[in-house]
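The text below walks through the sheets, the helices and the aromatic residues.

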Amino acid sequence: MRGVKTSKKGKLYLKVNLLEFGPNGIECPQAGVHIDPWGKVERALLTHAHADHARFGHKHYIAHEHNRAVLRERLGKNISLQEVEYNQTIVINGIRFSWHPAGHIPGSAQIRVEGRGQTWVVSGDYKTENDGLSPAFEPIPCSHFITECTFGLPVYHWKPQANTAQALIDWHSSNIRQGHSTLLYAYALGKAQRLLHLLREIDPIYIHPSVAEMNKALQSVGYPIPQLPLLSEWKPKLHPPALFIAPPGASSDALIRRLSPCKEASVSGWTQIRGMRRRQNLDNGFALSDHADWRGLLHAIAGTGAEHIYCTHGFTSEFSRYLNEIGYHSTEIESRFFTDPATDHTTKPEKGESIH
(Lines give C-alpha, C1' and ligand atoms only; values in the text may rest on other atoms or scores of the structure.)
Protein backbone atom coordinates (compact mmCIF):
# COMPACT_ATOMS: atom_id res chain seq x y z
CA MET A 1 0.00 0.00 0.00
CA ARG A 2 1.54 3.28 -1.07
CA GLY A 3 0.42 6.88 -0.73
CA VAL A 4 1.60 10.41 -1.47
CA LYS A 5 2.14 12.91 1.35
CA THR A 6 3.05 16.60 1.28
CA SER A 7 5.98 17.91 3.36
CA LYS A 8 5.98 21.25 5.17
CA LYS A 9 7.81 22.81 2.21
CA GLY A 10 5.09 21.65 -0.16
CA LYS A 11 7.28 18.99 -1.77
CA LEU A 12 5.65 15.67 -2.58
CA TYR A 13 7.31 12.47 -1.44
CA LEU A 14 6.34 8.79 -1.50
CA LYS A 15 5.29 7.15 1.75
CA VAL A 16 5.69 3.39 1.82
CA ASN A 17 3.84 1.36 4.45
CA LEU A 18 5.64 -1.19 6.58
CA LEU A 19 3.47 -3.96 5.13
CA GLU A 20 2.27 -4.14 1.54
CA PHE A 21 -0.21 -6.33 -0.33
CA GLY A 22 1.41 -7.85 -3.40
CA PRO A 23 1.07 -10.80 -5.79
CA ASN A 24 2.12 -13.26 -3.07
CA GLY A 25 -0.01 -11.71 -0.33
CA ILE A 26 1.16 -9.73 2.69
CA GLU A 27 4.80 -8.63 2.39
CA CYS A 28 7.29 -6.75 4.53
CA PRO A 29 9.79 -5.59 1.89
CA GLN A 30 12.39 -4.26 4.33
CA ALA A 31 12.58 -7.60 6.17
CA GLY A 32 12.28 -9.67 3.00
CA VAL A 33 9.43 -11.78 4.40
CA HIS A 34 5.83 -12.65 3.59
CA ILE A 35 3.05 -13.54 6.03
CA ASP A 36 0.89 -16.55 5.08
CA PRO A 37 1.96 -16.20 1.42
CA TRP A 38 0.14 -18.05 -1.34
CA GLY A 39 3.01 -18.06 -3.85
CA LYS A 40 6.43 -19.62 -3.23
CA VAL A 41 8.72 -17.24 -1.32
CA GLU A 42 12.10 -17.26 0.40
CA ARG A 43 10.83 -16.71 3.94
CA ALA A 44 7.26 -17.31 5.13
CA LEU A 45 5.95 -16.23 8.51
CA LEU A 46 2.91 -18.33 9.38
CA THR A 47 -0.08 -17.55 11.58
CA HIS A 48 -1.13 -21.22 11.80
CA ALA A 49 -1.01 -24.60 10.08
CA HIS A 50 -4.28 -24.70 8.12
CA ALA A 51 -3.57 -25.41 4.47
CA ASP A 52 -4.81 -22.04 3.18
CA HIS A 53 -2.22 -20.29 5.38
CA ALA A 54 0.66 -22.78 5.41
CA ARG A 55 1.46 -23.84 1.87
CA PHE A 56 4.09 -26.13 0.43
CA GLY A 57 7.17 -24.85 -1.35
CA HIS A 58 8.58 -21.96 0.69
CA LYS A 59 12.33 -22.02 1.32
CA HIS A 60 12.09 -21.21 5.04
CA TYR A 61 9.21 -21.09 7.54
CA ILE A 62 8.81 -19.29 10.88
CA ALA A 63 5.84 -20.31 13.04
CA HIS A 64 4.77 -20.80 16.63
CA GLU A 65 6.28 -23.93 18.15
CA HIS A 66 2.91 -25.68 18.58
CA ASN A 67 2.68 -25.98 14.80
CA ARG A 68 5.89 -27.98 14.52
CA ALA A 69 4.45 -31.48 14.21
CA VAL A 70 1.48 -30.50 12.03
CA LEU A 71 3.65 -28.54 9.59
CA ARG A 72 6.15 -31.38 9.25
CA GLU A 73 3.28 -33.86 8.78
CA ARG A 74 1.70 -31.78 6.04
CA LEU A 75 4.65 -30.05 4.34
CA GLY A 76 7.47 -32.54 4.86
CA LYS A 77 9.69 -33.66 7.70
CA ASN A 78 12.72 -31.83 6.27
CA ILE A 79 11.28 -28.34 5.81
CA SER A 80 13.43 -25.48 7.11
CA LEU A 81 11.43 -24.36 10.15
CA GLN A 82 12.23 -21.82 12.85
CA GLU A 83 9.99 -22.09 15.93
CA VAL A 84 9.00 -19.17 18.15
CA GLU A 85 7.08 -18.86 21.41
CA TYR A 86 4.13 -16.58 22.13
CA ASN A 87 5.27 -13.02 22.90
CA GLN A 88 8.82 -13.79 21.72
CA THR A 89 10.27 -11.09 19.47
CA ILE A 90 12.62 -11.72 16.57
CA VAL A 91 14.30 -8.93 14.59
CA ILE A 92 14.83 -9.20 10.83
CA ASN A 93 16.70 -6.34 9.15
CA GLY A 94 15.58 -3.88 11.82
CA ILE A 95 11.90 -4.96 11.86
CA ARG A 96 10.45 -6.56 15.01
CA PHE A 97 8.08 -9.54 14.70
CA SER A 98 6.22 -11.32 17.49
CA TRP A 99 3.52 -14.01 17.68
CA HIS A 100 0.45 -13.68 19.95
CA PRO A 101 -2.52 -16.02 20.61
CA ALA A 102 -5.35 -15.87 18.06
CA GLY A 103 -7.69 -18.43 19.67
CA HIS A 104 -8.48 -19.97 16.27
CA ILE A 105 -6.99 -23.46 16.70
CA PRO A 106 -4.08 -24.90 18.72
CA GLY A 107 -0.91 -23.05 17.73
CA SER A 108 -2.69 -20.21 15.92
CA ALA A 109 -1.22 -16.74 16.26
CA GLN A 110 -1.49 -13.12 15.30
CA ILE A 111 1.75 -11.63 14.04
CA ARG A 112 2.73 -8.18 15.30
CA VAL A 113 5.07 -6.21 13.06
CA GLU A 114 6.85 -3.07 14.31
CA GLY A 115 9.26 -0.74 12.55
CA ARG A 116 9.69 2.62 10.82
CA GLY A 117 7.30 4.22 13.32
CA GLN A 118 4.43 1.84 12.47
CA THR A 119 2.82 -1.06 14.28
CA TRP A 120 0.77 -3.61 12.36
CA VAL A 121 -0.98 -6.79 13.46
CA VAL A 122 -1.82 -9.55 10.99
CA SER A 123 -4.58 -11.52 12.70
CA GLY A 124 -4.65 -14.57 10.45
CA ASP A 125 -7.82 -16.43 11.49
CA TYR A 126 -9.18 -15.90 14.99
CA LYS A 127 -12.09 -16.34 17.36
CA THR A 128 -12.75 -14.41 20.52
CA GLU A 129 -14.53 -17.12 22.55
CA ASN A 130 -12.09 -19.18 24.62
CA ASP A 131 -12.59 -22.82 23.61
CA GLY A 132 -10.65 -24.18 26.60
CA LEU A 133 -8.08 -25.90 24.39
CA SER A 134 -6.39 -23.27 22.21
CA PRO A 135 -4.61 -20.33 23.86
CA ALA A 136 -7.25 -17.60 24.10
CA PHE A 137 -7.33 -14.61 21.73
CA GLU A 138 -5.47 -11.53 22.97
CA PRO A 139 -6.13 -8.06 21.49
CA ILE A 140 -2.78 -6.54 20.52
CA PRO A 141 -2.56 -2.71 20.40
CA CYS A 142 -1.58 -1.42 16.96
CA SER A 143 -2.28 1.32 14.45
CA HIS A 144 -2.94 -1.00 11.48
CA PHE A 145 -4.96 -4.23 11.86
CA ILE A 146 -5.45 -6.84 9.13
CA THR A 147 -8.58 -8.80 9.92
CA GLU A 148 -10.33 -11.74 8.36
CA CYS A 149 -14.10 -11.39 7.99
CA THR A 150 -15.19 -14.91 7.09
CA PHE A 151 -18.44 -14.33 8.95
CA GLY A 152 -18.57 -10.56 8.56
CA LEU A 153 -22.36 -10.19 8.40
CA PRO A 154 -24.76 -9.49 11.31
CA VAL A 155 -26.64 -12.73 10.63
CA TYR A 156 -23.65 -14.70 11.95
CA HIS A 157 -24.14 -14.69 15.70
CA TRP A 158 -22.82 -17.65 17.68
CA LYS A 159 -24.48 -19.04 20.77
CA PRO A 160 -22.15 -19.73 23.71
CA GLN A 161 -20.24 -22.93 22.91
CA ALA A 162 -21.55 -24.58 26.10
CA ASN A 163 -25.09 -24.25 24.69
CA THR A 164 -24.06 -25.75 21.36
CA ALA A 165 -22.20 -28.57 23.08
CA GLN A 166 -25.29 -29.41 25.13
CA ALA A 167 -27.43 -29.40 21.98
CA LEU A 168 -24.99 -31.85 20.40
CA ILE A 169 -25.06 -34.11 23.45
CA ASP A 170 -28.88 -34.05 23.57
CA TRP A 171 -29.16 -34.88 19.86
CA HIS A 172 -26.67 -37.72 20.18
CA SER A 173 -28.57 -39.12 23.17
CA SER A 174 -31.78 -39.01 21.15
CA ASN A 175 -30.10 -40.84 18.28
CA ILE A 176 -28.81 -43.55 20.63
CA ARG A 177 -32.32 -44.09 22.05
CA GLN A 178 -33.55 -44.65 18.51
CA GLY A 179 -30.76 -47.13 17.79
CA HIS A 180 -28.74 -44.77 15.58
CA SER A 181 -25.12 -43.71 15.77
CA THR A 182 -24.12 -40.04 15.34
CA LEU A 183 -21.63 -38.83 12.73
CA LEU A 184 -20.26 -35.29 13.07
CA TYR A 185 -18.43 -33.72 10.14
CA ALA A 186 -15.69 -31.41 11.39
CA TYR A 187 -12.36 -30.24 9.99
CA ALA A 188 -9.55 -32.58 11.05
CA LEU A 189 -7.32 -29.82 12.46
CA GLY A 190 -8.87 -27.57 15.05
CA LYS A 191 -12.59 -28.25 14.93
CA ALA A 192 -12.28 -31.98 15.61
CA GLN A 193 -10.07 -31.41 18.67
CA ARG A 194 -12.42 -28.72 19.96
CA LEU A 195 -15.33 -31.16 19.70
CA LEU A 196 -13.38 -33.84 21.52
CA HIS A 197 -12.77 -31.36 24.32
CA LEU A 198 -16.39 -30.19 24.50
CA LEU A 199 -17.86 -33.71 24.22
CA ARG A 200 -15.27 -35.46 26.40
CA GLU A 201 -17.97 -36.99 28.65
CA ILE A 202 -19.30 -39.05 25.72
CA ASP A 203 -17.90 -42.56 25.48
CA PRO A 204 -17.09 -44.10 23.11
CA ILE A 205 -15.99 -41.71 20.35
CA TYR A 206 -14.47 -43.11 17.16
CA ILE A 207 -12.42 -40.91 14.83
CA HIS A 208 -11.36 -40.83 11.18
CA PRO A 209 -7.67 -41.56 10.46
CA SER A 210 -7.06 -37.95 9.36
CA VAL A 211 -8.34 -36.73 12.73
CA ALA A 212 -6.11 -39.28 14.47
CA GLU A 213 -3.06 -37.93 12.59
CA MET A 214 -3.77 -34.38 13.74
CA ASN A 215 -4.45 -35.59 17.29
CA LYS A 216 -1.07 -37.32 17.36
CA ALA A 217 0.70 -34.20 16.07
CA LEU A 218 -0.89 -31.98 18.73
CA GLN A 219 -0.32 -34.55 21.49
CA SER A 220 3.39 -34.44 20.64
CA VAL A 221 3.56 -30.72 21.50
CA GLY A 222 1.65 -31.08 24.75
CA TYR A 223 -2.07 -30.77 24.03
CA PRO A 224 -4.19 -33.01 26.32
CA ILE A 225 -6.00 -34.95 23.60
CA PRO A 226 -7.05 -38.52 24.47
CA GLN A 227 -6.19 -41.63 22.51
CA LEU A 228 -9.34 -42.74 20.70
CA PRO A 229 -10.32 -45.72 18.53
CA LEU A 230 -10.53 -45.38 14.75
CA LEU A 231 -13.74 -45.67 12.72
CA SER A 232 -12.46 -48.99 11.36
CA GLU A 233 -12.51 -50.46 14.86
CA TRP A 234 -16.28 -50.07 15.17
CA LYS A 235 -18.07 -53.26 14.08
CA PRO A 236 -21.79 -52.95 13.26
CA LYS A 237 -22.69 -56.41 14.57
CA LEU A 238 -20.46 -56.26 17.66
CA HIS A 239 -20.64 -52.70 18.97
CA PRO A 240 -23.58 -50.54 20.07
CA PRO A 241 -24.32 -47.16 18.42
CA ALA A 242 -21.60 -44.58 19.03
CA LEU A 243 -20.36 -41.09 18.18
CA PHE A 244 -18.09 -40.67 15.13
CA ILE A 245 -16.06 -37.66 13.98
CA ALA A 246 -14.77 -37.29 10.43
CA PRO A 247 -13.79 -34.46 8.05
CA PRO A 248 -16.43 -33.34 5.50
CA GLY A 249 -14.34 -34.62 2.61
CA ALA A 250 -14.68 -38.17 3.92
CA SER A 251 -18.45 -38.36 3.44
CA SER A 252 -18.14 -40.79 0.52
CA ASP A 253 -15.45 -43.00 2.10
CA ALA A 254 -16.15 -46.70 2.53
CA LEU A 255 -15.38 -46.16 6.22
CA ILE A 256 -18.38 -43.83 6.44
CA ARG A 257 -20.80 -45.97 4.45
CA ARG A 258 -20.41 -48.90 6.87
CA LEU A 259 -21.55 -46.84 9.88
CA SER A 260 -25.28 -47.25 9.15
CA PRO A 261 -27.73 -46.73 10.76
CA CYS A 262 -26.35 -43.29 11.46
CA LYS A 263 -27.56 -39.69 11.75
CA GLU A 264 -25.20 -37.13 10.18
CA ALA A 265 -24.58 -33.48 11.05
CA SER A 266 -22.25 -30.68 10.00
CA VAL A 267 -20.49 -28.70 12.71
CA SER A 268 -19.84 -25.39 10.97
CA GLY A 269 -20.59 -21.71 11.23
CA TRP A 270 -22.26 -21.89 7.83
CA THR A 271 -25.09 -23.96 9.32
CA GLN A 272 -26.33 -20.72 10.92
CA ILE A 273 -28.12 -20.28 7.59
CA ARG A 274 -30.89 -22.83 7.06
CA GLY A 275 -30.34 -22.95 3.32
CA MET A 276 -26.82 -24.25 3.88
CA ARG A 277 -28.17 -27.11 5.99
CA ARG A 278 -30.59 -28.13 3.22
CA ARG A 279 -27.88 -28.00 0.56
CA GLN A 280 -25.64 -30.31 2.55
CA ASN A 281 -28.47 -32.90 2.71
CA LEU A 282 -27.65 -33.88 6.30
CA ASP A 283 -29.86 -34.65 9.27
CA ASN A 284 -28.75 -31.70 11.38
CA GLY A 285 -26.32 -28.81 11.66
CA PHE A 286 -24.64 -27.07 14.58
CA ALA A 287 -23.25 -23.54 14.26
CA LEU A 288 -19.91 -23.90 15.99
CA SER A 289 -17.07 -22.02 14.28
CA ASP A 290 -13.39 -21.45 14.92
CA HIS A 291 -13.84 -17.96 13.48
CA ALA A 292 -15.23 -14.85 15.14
CA ASP A 293 -18.83 -13.94 14.44
CA TRP A 294 -19.99 -10.41 13.62
CA ARG A 295 -19.85 -9.23 17.22
CA GLY A 296 -16.53 -10.97 17.84
CA LEU A 297 -14.94 -9.26 14.84
CA LEU A 298 -16.07 -5.83 16.04
CA HIS A 299 -14.96 -6.57 19.60
CA ALA A 300 -11.52 -7.70 18.42
CA ILE A 301 -11.02 -4.64 16.24
CA ALA A 302 -12.05 -2.27 19.03
CA GLY A 303 -9.60 -4.01 21.37
CA THR A 304 -6.64 -3.21 19.13
CA GLY A 305 -7.23 0.54 19.15
CA ALA A 306 -6.32 0.55 15.46
CA GLU A 307 -7.62 3.29 13.18
CA HIS A 308 -6.67 1.59 9.92
CA ILE A 309 -8.38 -1.74 9.23
CA TYR A 310 -7.76 -4.02 6.24
CA CYS A 311 -10.43 -6.65 5.53
CA THR A 312 -9.58 -9.94 3.86
CA HIS A 313 -10.99 -13.48 3.52
CA GLY A 314 -14.77 -13.43 3.55
CA PHE A 315 -17.41 -10.71 3.34
CA THR A 316 -14.74 -8.10 2.72
CA SER A 317 -16.80 -5.43 0.96
CA GLU A 318 -19.77 -5.62 3.31
CA PHE A 319 -17.70 -5.60 6.48
CA SER A 320 -15.30 -2.91 5.27
CA ARG A 321 -18.20 -0.67 4.29
CA TYR A 322 -19.71 -0.99 7.76
CA LEU A 323 -16.39 -0.20 9.46
CA ASN A 324 -16.09 2.99 7.41
CA GLU A 325 -19.63 3.95 8.40
CA ILE A 326 -18.78 3.72 12.10
CA GLY A 327 -15.60 5.75 11.89
CA TYR A 328 -12.70 3.47 10.98
CA HIS A 329 -10.43 3.88 7.96
CA SER A 330 -11.16 0.52 6.37
CA THR A 331 -9.84 -0.98 3.13
CA GLU A 332 -11.04 -4.12 1.38
CA ILE A 333 -8.24 -6.48 0.36
CA GLU A 334 -9.25 -8.97 -2.30
CA SER A 335 -8.39 -12.59 -1.48
CA ARG A 336 -7.46 -14.42 -4.65
CA PHE A 337 -7.02 -17.80 -3.01
CA PHE A 338 -9.97 -19.99 -2.05
CA THR A 339 -9.52 -23.56 -0.92
CA ASP A 340 -11.40 -26.67 -1.85
CA PRO A 341 -14.27 -26.84 0.67
CA ALA A 342 -14.04 -30.62 0.75
CA THR A 343 -10.56 -30.50 2.21
CA ASP A 344 -10.08 -27.10 3.73
CA HIS A 345 -11.76 -23.77 4.25
CA THR A 346 -11.99 -20.04 3.54
CA THR A 347 -14.78 -19.52 1.08
CA LYS A 348 -18.08 -17.69 1.14
CA PRO A 349 -21.20 -19.83 1.63
CA GLU A 350 -22.57 -19.16 -1.83
CA LYS A 351 -19.49 -20.97 -3.19
CA GLY A 352 -20.53 -24.24 -1.63
CA GLU A 353 -19.86 -26.23 1.48
CA SER A 354 -17.14 -24.63 3.54
CA ILE A 355 -16.68 -26.27 6.93
CA HIS A 356 -15.69 -23.45 9.30
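**A buried aromatic pair**

Phe 151 and Trp 270 are both buried. Buried here means under 20% relative accessible area; exposed means over 50%, and partly exposed lies in between, with a 1.4 Å probe and protein chains only. The model is predicted, so local features need pLDDT of at least 70 and side-chain atom pairs count only at pLDDT 80 or more, while totals for chains, interfaces and linings use all residues. Residues are numbered from 1 along each chain as its sequence is written, and side-chain values use heavy atoms, leaving out hydrogens and water.

The structure holds 15 aromatic pairs. Phe 151 and Trp 270 form one of them, a tilted pair with 4.3 Å centre to centre and 50° between the planes. Rings of Phe, Tyr and Trp (its six-membered ring) pair if their centres lie within 6.5 Å; planes under 30 degrees apart count as stacked, over 60 as edge-to-face and the rest as tilted. The pair links distant parts of the chain, 119 residues apart. Phe 151 sits in the loop between strand 13 and helix 2 (161-177). Trp 270 sits in the loop between strand 17 (262-267) and helix 6 (274-280). Helices (H or I, at least four residues) and strands (E, at least two) are DSSP runs, numbered from the N terminus. Which residues make up the aromatic cluster? Phe 151, Tyr 156, Trp 158, Trp 270 and Phe 315 form it.

Two strands pair if DSSP finds at least two bridges between them. Axes are lines fitted to C-alpha atoms, for helices over the stretch in contact, and angles run from 0 to 180 degrees between N-to-C directions.

Start at strand 9. It runs antiparallel to strand 10 (residues 95-101), and 4 bridges join the two. Ile 90 has Phe 97 in strand 10 as its bridge partner. Strand 10 is also antiparallel to strand 11, with 6 bridges between them. There, Ser 98 stands opposite Arg 112 in strand 11.

Strand 11 (residues 109-115) has 5 of its 7 residues buried, so it is largely enclosed by the rest of the structure. On its other pairing, 5 bridges join strand 11 to strand 12 (residues 118-122), again antiparallel. Ile 111 stands opposite Val 122 in strand 12. The hairpin of strand 11 and strand 12 has 2 residues between the strands, and Arg 116 takes a positive phi near 55° in it.

A second open sheet has 5 strands in the order 15-16-14-17-18, with parallel pairing. Strand 15 (205-207) and strand 18 (284-286) stand at the edges with a single partner strand each, so one side of each is left without a neighbour in the sheet. Neighbouring strands here are turned by 25° against each other on average, direction ignored. Strand 15 pairs with strand 16 (residues 243-246) in the parallel sense over 3 bridges. Ile 205 has Leu 243 in strand 16 as its bridge partner.

Helix 2 packs on this sheet and touches strand 14 (181-185), strand 16, strand 17 and strand 18. Its direction makes about 145° with that of strand 14. Contact means heavy atoms within 4.5 Å. Gln 166 lies in helix 2. At 41% relative accessibility, Gln 166 counts as partly exposed. Its C-alpha atom is separated by 9.0 Å from that of Leu 198, 32 residues apart along the chain.

**Helix 1 and its cover**

The axes of helix 1 (residues 68-75) and helix 4 (residues 209-219) come within 7 Å and cross at roughly 140°. Helix 1 and helix 4 are therefore oblique to each other. Angles under 35 degrees count as roughly parallel, over 145 as roughly antiparallel, 65 to 115 as roughly perpendicular and the rest as oblique. Ala 69, Val 70, Glu 73 and Arg 74 in helix 1 meet Glu 213, Met 214, Ala 217 and Leu 218 in helix 4.

Which residues of helix 1 are buried? They are Ala 69, Val 70, Leu 71 and Leu 75. Their cover includes strand 7 (60-64), strand 8 (81-84) and helix 4. Just after helix 1, Gly 76 takes a positive phi of about 125°.
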